[in-house]
Protein chains: 2
Amino acid sequence: MARAATTTDVFNAIAEPGRRQILDLLANGELSVNELVEQLGLAQPQVSKRLHVLREVGLVLVRDDGRQRHYRLNGRALKPVHDWIRRYEQMWNDRFDALDDLLEELDDQED
Amino acid sequence: MARAATTTDVFNAIAEPGRRQILDLLANGELSVNELVEQLGLAQPQVSKRLHVLREVGLVLVRDDGRQRHYRLNGRALKPVHDWIRRYEQMWNDRFDALDDLLEELDDQED
DNA sequence: TTATTATATGCCAATATGGGAATATATCAA
DNA sequence: TTGATATATTCCCATATTGGCATATAATAA
């Protein structure tokens, strides 16, 4: 078998920077495809293709308005990623930073 | 051009469930390749290949010990993912949950 | 109807998988 | 040295992209 499809799950969907960038833009509110095209500087088909992937995994929702299509973020779909990564949070935050600071202080005192 | 390599960055590296599973196992401490093979139920080459990808992006570190190789997690490498996802955290936690609870309460009172 | 605008889809070429099996490399034992 | 163990790499194959370009579809305007 080959690599899993980008539409397999949210983890695969957010692997591409362009798709993450779209989510980042939508975080500020709804945008039409053309507005996304302008802000991303990509060709329209490429933007539509990315939106298709994001829609398949539920990361964005659509609202039809005449011939325009307004996309908006569905942040909740990112929760599985957040839940997974949260287990590792402790490996770089407070506790360990505090330990680093302590070790640094002790190191300084030795001079 | 084709799809970006899995070794391009951490986002691509963690897109595959098998690689995430390896990280999860290593979260409990160092493991040799064979120990991982046993726990994962995968063929040895497949495990080595995944470890190779994880090593390329800095997610695991190796310690040589005779003919064994002990891999351990380098959780800090996950920070970019955490930093990115954190921006969306508010979309499903406290504030929104609190709003949900409130709406639910109001709904209950109507009975 | 015809033209125009907004968006989606199809086709093509190049490429990076990921699984299985075989094999290479390294270390240790007898 | 020879054999066995631990791990990495290579080869083959089927597949899923991704970009660019052309085109189809839908809605609206003239």
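1. A polar contact is a pair of N or O atoms within 3.5 Å; within protein, one must be able to donate a hydrogen and the other to accept it, and residues adjacent in sequence count only if both atoms are side-chain atoms. With that in mind, a polar side-chain atom of B:Arg67 is placed 3.4 Å from a base oxygen of DNA strand C, and a polar side-chain atom of B:Gln46 is placed 2.9 Å from a base nitrogen of DNA strand C.

2. Some conventions come next. This is a predicted model, in which local features need pLDDT of at least 70 and side-chain atom pairs count only at pLDDT 80 or more, while totals for chains, interfaces and linings use all residues. Residues are numbered from 1 along each chain as its sequence is written, chains are lettered from A and ligands numbered from 1 in the order in which they are written, and side-chain values use heavy atoms, with hydrogens and water left out.

3. How many residues surround DNA strand C, and which are the closest? There are 27, counting a residue as near when one of its heavy atoms lies within 4 Å, and the closest are A:Gln44, A:Ser48, A:Tyr71, B:Thr6 and B:Lys49. Of the atoms of DNA strand C that come within 4 Å of the protein, sugar and phosphate account for 61%. By class, this surface has eight nonpolar, nine polar and 10 charged residues (Ala, Val, Leu, Ile, Met, Phe, Trp, Tyr, Cys and Pro count as nonpolar, Asp, Glu, Lys and Arg as charged, and the others, Gly among them, as polar).

4. As for the elements behind that surface, helix 3 (33-40), helix 4 and strand 3 (68-73) of chain A, together with helix 4 (44-56) of chain B, each supply at least two residues; helices (H or I, at least four residues) and strands (E, at least two) are DSSP runs, numbered from the N terminus. Helix 4 of chain A gives the most to the surface near DNA strand C, with five residues.

5. Within chain A, the axes of helix 2 (residues 17-26) and helix 4 (residues 44-56) come within 10 Å and cross at roughly 80°, where axes are lines fitted to C-alpha atoms, for helices over the stretch in contact, and angles run from 0 to 180 degrees between N-to-C directions. Helix 2 and helix 4 of chain A are therefore roughly perpendicular to each other (angles under 35 degrees count as roughly parallel, over 145 as roughly antiparallel, 65 to 115 as roughly perpendicular and the rest as oblique). On the side of helix 2 of chain A, A:Gly18, A:Arg19, A:Ile22 and A:Leu23 take part, and they meet A:Val47, A:Arg50, A:Leu51, A:Val53 and A:Leu54 in helix 4 of chain A, with contact meaning heavy atoms within 4.5 Å. The residues of this contact divide into six nonpolar, one polar and two charged.

6. Chain A has an open sheet of three strands in the order 1-3-2, with antiparallel pairing; two strands pair if DSSP finds at least two bridges between them. Its edge strands are strand 1 (31-32) and strand 2 (60-65) of chain A, each of which pairs on one side only. Helix 2 of chain A packs on the sheet, touching strand 1, strand 2 and strand 3 of chain A, and its direction makes about 90° with that of strand 3 of chain A. Two bridges join strand 1 of chain A to strand 3 of chain A, whereas six join strand 2 of chain A to strand 3 of chain A. A:Tyr71 in strand 3 stands opposite A:Leu31 and also opposite A:Val62. The hairpin of strand 2 and strand 3 of chain A has two residues between the strands, and A:Gly66 in the turn has a positive phi of about 65°.

7. In chain B, three strands form an open sheet in the order 1-3-2 with antiparallel pairing. Strand 1 (31-32) and strand 2 (60-65) of chain B stand at the edges, each with a single partner strand, so one side of each is left without a neighbour in the sheet. Helix 4 of chain B packs on this sheet, touching strand 2 and strand 3 of chain B, and its direction makes about 120° with that of strand 2 of chain B. B:Ser32 stands opposite B:His70 in strand 3 of chain B.

8. B:Asp9 sits in the segment before helix 1 (10-13) of chain B, and its side chain reaches the backbone nitrogen of B:Asn12 at 2.8 Å. Leaving aside neighbours within four places in sequence, B:Asp9 is in contact with A:Arg20 and B:Val57.
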